[in-house]
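Hi,

Here is the structure I promised to pass on. Have a look at it first, and then read my notes below.

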Amino acid sequence: MTASLETLTSRLLDAARKAGAEAADAMAVTGASLSIDLRVGKLEQAERAEATEIGLRVLMGGRQACVSASDLSDRTIEALAERAVAMAREAPDDPTVGLAEASQLARGWDIAAFDLSDPADEPSAAALEQDCREVEAAALSRSGITQVESSAGYSARAIHIAATNGFSGGYARTSRSLSAVAFTGSGTNMERDWSGESRTYQADLPAAKGIGELAADRALARAGATKPKTGTYPVLFDERVAASLIGHLLSAINGAAIARGASWLRDALGQQVLPAGLSVIEDPHRARIGGSRPFDAEGLPTARRALVENGILTGWTLDLGTARKLGMQSTANATRGTSSPPSPSTSNIDLTLGSASLSDMLRDMGTGLYVTSMIGSTINPTTGDYSRGAAGFWVQNGVITHPVNECTIAGNLRDMLLRLVPANDARDHLSTRVPSCLIDGMTLAGS
């Protein structure tokens with residue numbers, strides 16, 4: 001599969017040279033996906049998709065243009081290249097646009113060590129439907145569950161990137177998933193919750209029974225939710241939603257935001273942004289993890305690095321373009337699609353684990369809110385002001401007393417993250433491993 005994609009990128013680069021491009025890079029992507037959805041025991045959707053896409057970026061000095069297509073014929077490829085060159089000649093000039101130097105390129109990686117592609121056969125639609133029915137039956141085995149929606153999916157994808165600077169490389173990845181949404185009650189008293197799992201290898205996917213039962217138990221625990229009282233309280237973010245807190249930090253240190261001056265951390269390089277002892281590590285080389293990759297979208301070698309070390313912000317997330325704008329070196333974080341130029345983004349992320357379990361955190365937090373789901377958001381990217389709708393459970397004197405919903409939690413991200421206390425319950429198989437996190441003194445708007 002990757003060999004044929006390599007041939008496609010070579011054809012694109014040859015066409016770009018023929019059309020008069022000064023420099024170019026090409027991407028070819030092929031994939032297949034299969035998904036099954038059940039609702040109330042009936043097949044809601046069965047969908048299979050297969051596609052191969054090609055993309056070409058042409059550079060003429062500091063001008064660039066991106067084009068893409070799904071037709072792989074020689075005629076289309078030649079027309080694509082000619083169109084890209086014509087577009088690039090009319091594009092605005094940007095002195096930071098350009099390919100990597102040959103000395104910067106990744107070389108000699110061992111893609112087998114990344115273990116990103118399951119060699120097992122693609123599952124049949126019948127097998128996925130059976131998974132859905134098993135997870136549904138497990139959820140309905142819990143008394144009080146009135147309805148279940150279940151989904152199962154599989155995808156296989158391969159990518160190859162090549163450029164006129166001499167880079168050429170590709171890899172394949174797979175994914176298998178299963179999830180359930182369980183409902184209890186009816187009308188305005190209806191509550192729901194979910195459970196889901198996804199793995200690179202099909203054999204690693206947990207059993208349907210446990211997934212369905214967990215979705216049901218979570219939904220049943222939500223029955224009878226009420227609004228909490230307005231006030232200032234500690235807020236414990238469950239592991240399912242705590243990753244969003246670090247996600248806001250990652251957005252704020254993205255080189256694109258820094259270059260625009262539109263980040264609440266734009267002046268924080270070298271400053272404390274998390275409590276001492278906490279670090280945020282990016283490791284794109286974890287085996288069997290969906291976010292892993294040996295090189296970025298510009299052909300630079302990826303590596304493990306600390307974004308925050310011992311609480312101190314150590315660097316931005318950069319591709320070549322944003323690095324040049326800021327007078328820095330790329331951190332090999334370029335990502336791109338077939339129709340777009342590179343932009344910076346992180347892959348696998350780890351927040352330092354704490355020493356306390358979730359139950360310890362609940363016991364010690366006193367009285368406050370344990371958040372298990374959030375909806376909507378108002379995040380000011382320049383100031384870091386934070387406001388989100390939340391639901392979860394009320395904790396009184398360290399004990400969960402009842403479910404709550406229809407409330408809003410608010411604060412400022414700069415202050416919030418400096419008070420963050422992590423638990424030790426991050427799930428090892430996730431690309432982003434962030435445990436449950438406690439933040440004291442947040443504003444809660446309820447009844």
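How many bridges join strand 1 to strand 4? There are 15 bridges between strand 1 (residues 23-39) and strand 4 (residues 145-163), and the two run antiparallel. Strands here are DSSP runs of E with at least two residues, helices are runs of H or I with at least four, and both are numbered from the N terminus. Two strands pair if DSSP finds at least two bridges between them. Along this pairing, Ala26 stands opposite Ala162 in strand 4.

Before you go further, please note that this is a predicted model, where local features need pLDDT of at least 70 and side-chain atom pairs count only at pLDDT 80 or more, while totals for chains, interfaces and linings use all residues. Residues are numbered from 1 along each chain as its sequence is written, and side-chain values use heavy atoms, leaving out hydrogens and water.

Now the whole sheet: it is open, with six strands in the order 3-2-1-4-5-6 and antiparallel pairing. Strand 3 (63-69) and strand 6 (191-199) are the edge strands, each pairing on one side only.

Next, the helices. Helix 4 (residues 125-140) and helix 5 (residues 208-221) pack at about 45 degrees, with their axes 7 Å apart (axes are lines fitted to C-alpha atoms, for helices over the stretch in contact, i.e. heavy atoms within 4.5 Å, and angles run from 0 to 180 degrees between N-to-C directions). That angle makes helix 4 oblique to helix 5, because angles under 35 degrees count as roughly parallel, over 145 as roughly antiparallel, 65 to 115 as roughly perpendicular and the rest as oblique.

Happy exploring!
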